[in-house]
Amino acid sequence: MSSGRFAIATHALALLARADACCASDELSSSINTNPAFLRRILARLSQAGLIEAREGRAGGYRLARPAKEIRLSEVYAAVEPEGAIAPSPCEPDTRCPIGAGIRRAFDEVAEAANEGLLRGLSQKTVADIALRAQRLGRTGPARAG
């Protein structure tokens with residue numbers, strides 16, 4: 001099951017793609033509408049993956065480590081959701097059962113294929129793509145309930 005970290009990370013990176021200078025975590029968390037401390041943990045993962053840089057001090061904050069058009073969404077996903085989209089069962093199956101004896105390996109094969117497909121799809125889009133799309137959709141205004 002996904003944690004939502006990918007959506008938050010993508011939002012933060014899209015903001016950084018449009019920023020002229022470093023952005024503070026408070027500024028980013030305000031747009032995302034999330035807890036700044038939670039966001040800083042996500043930003044730390046993005047920094048460890050080499051996707052953003054952090055600067056300390058009065059003019060500090062975060063900025064992209066390379067151009068947004070060079071950051072694939074698959075890299076973002078791998079940085080913040082390393083366990084993948086499909087988690088194994090927390091249950092310990094009965095190995096005396098013909099299904100229980102092999103279910104973990106069978107499920108792992110399915111989960112691996114699903115995660116590979118997800119990453120392949122995400123590799124087709126960049127942070128620049130999503131930032132531009134969000135900006136265009138934002139100009140049209142929020143959807144109105146009918």
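Q: Which residues are linked with Arg-5 in a network of salt bridges?
A: In this predicted model, Arg-5 and Glu-81 meet through their side chains in a salt bridge of 3.2 Å, N to O. Arg-5 belongs to helix H1, whereas Glu-81 lies in the loop between H4 and H5. The network that contains Arg-5 also includes Glu-81 and Glu-83.

Q: How many salt bridges does the structure contain by the distance rule?
A: Side chains of opposite charge can pair when their charged atoms come close. The rule applied here requires a side-chain nitrogen of Lys or Arg within 4 Å of a carboxyl oxygen of Asp or Glu. By this rule the count is 6.

Q: What is the N to O distance in the salt bridge of Arg-66 and Glu-75?
A: Arg-66 counts as partly exposed because its relative accessibility is 26%. Glu-75 is likewise partly exposed, at 28%. Their side chains meet in a salt bridge with an N to O distance of 2.4 Å.

Q: Why does Arg-96 count as exposed?
A: Arg-96 forms a salt bridge with Asp-94, with the closest N and O atoms 3.2 Å apart. Asp-94 is partly exposed, with a relative accessible area of 37%. The exposed class begins over 50%. Arg-96 is therefore classed as exposed, its relative accessibility being 73%.

Q: Is Leu-16 buried or exposed?
A: Leu-16 is placed in helix H1 and is among the residues with the most contacts inside the largest nonpolar core. Beyond four places in sequence, Leu-16 is in contact with Cys-23, Leu-28, Ile-52, Tyr-62, Arg-63 and Leu-64. Because its relative accessible area is 5%, Leu-16 is classed as buried.

Q: What distance separates the C-alpha atoms of Leu-16 and Gly-121?
A: Leu-16 lies in helix H1. Leu-16 and Gly-121 are 105 residues apart along the chain, and their C-alpha atoms are separated by 23 Å.

Q: Which residues does Val-76 touch, not counting residues up to four places away in sequence?
A: Val-76 is one of the residues with the most contacts inside the largest nonpolar core. With residues up to four places away in sequence left out, Val-76 touches Phe-6, Ala-9, Thr-10, Leu-13, Leu-46, Leu-51, Ile-71 and Val-127.

Q: With which residues is Ser-74 in contact, leaving aside its neighbours within four places in sequence?
A: Ser-74 is found in helix H4. Ser-74 is buried, since its relative accessible area is 14%. Once neighbours within four places are set aside, the contacts of Ser-74 are Leu-119, Leu-122 and Ser-123.

Q: What is the accessible area of the nonpolar surface patch formed by Ile-86, Ile-99, Ile-103 and Phe-107 together?
A: Ile-86 is found in the loop between helix H4 (73-80) and helix H5 (103-122). Ile-86 counts as partly exposed because its relative accessibility is 30%. Together with Ile-99, Ile-103 and Phe-107, Ile-86 forms a nonpolar patch on the surface whose accessible area is about 330 Å².

Q: How many disulfides does the structure hold?
A: A disulfide requires a pair of cysteine sulfur atoms within 2.5 Å. The structure's disulfide count is 0. For Cys-22, the nearest cysteine sulfur is that of Cys-23, 7.6 Å away. For Cys-97, the nearest is that of Cys-91, 13 Å away, and the total number of disulfides is thus 0.

Q: What is the phi value of Asn-33?
A: Asn-33 is found in the loop between H2 and H3. Asn-33 is exposed because its relative accessible area is 72%. Although Asn-33 is not a glycine, its phi is positive, at about 65 degrees.

How values were computed: Residues are numbered from 1 along each chain as its sequence is written. This is a predicted model: local features need pLDDT of at least 70, side-chain atom pairs count only at pLDDT 80 or more; totals for chains, interfaces and linings use all residues. Side-chain values use heavy atoms; hydrogens and water are left out. Patches are made of residues with over 30% relative accessible area and no salt bridge: like charges are joined within 9 Å, nonpolar side chains (Val, Leu, Ile, Met, Phe, Trp, Tyr) within 5 Å. Accessible areas come from the Shrake-Rupley method with a 1.4 Å probe; for residues, only the protein chains shown count as cover. Helices (H or I, at least four residues) and strands (E, at least two) are DSSP runs, numbered from the N terminus. Buried means under 20% relative accessible area, exposed over 50%, partly exposed in between (1.4 Å probe, protein chains only). A nonpolar core is a set of buried Ala, Val, Leu, Ile, Met, Phe, Trp, Tyr and Cys residues joined through side-chain atoms within 4.5 Å. Contact means heavy atoms within 4.5 Å.
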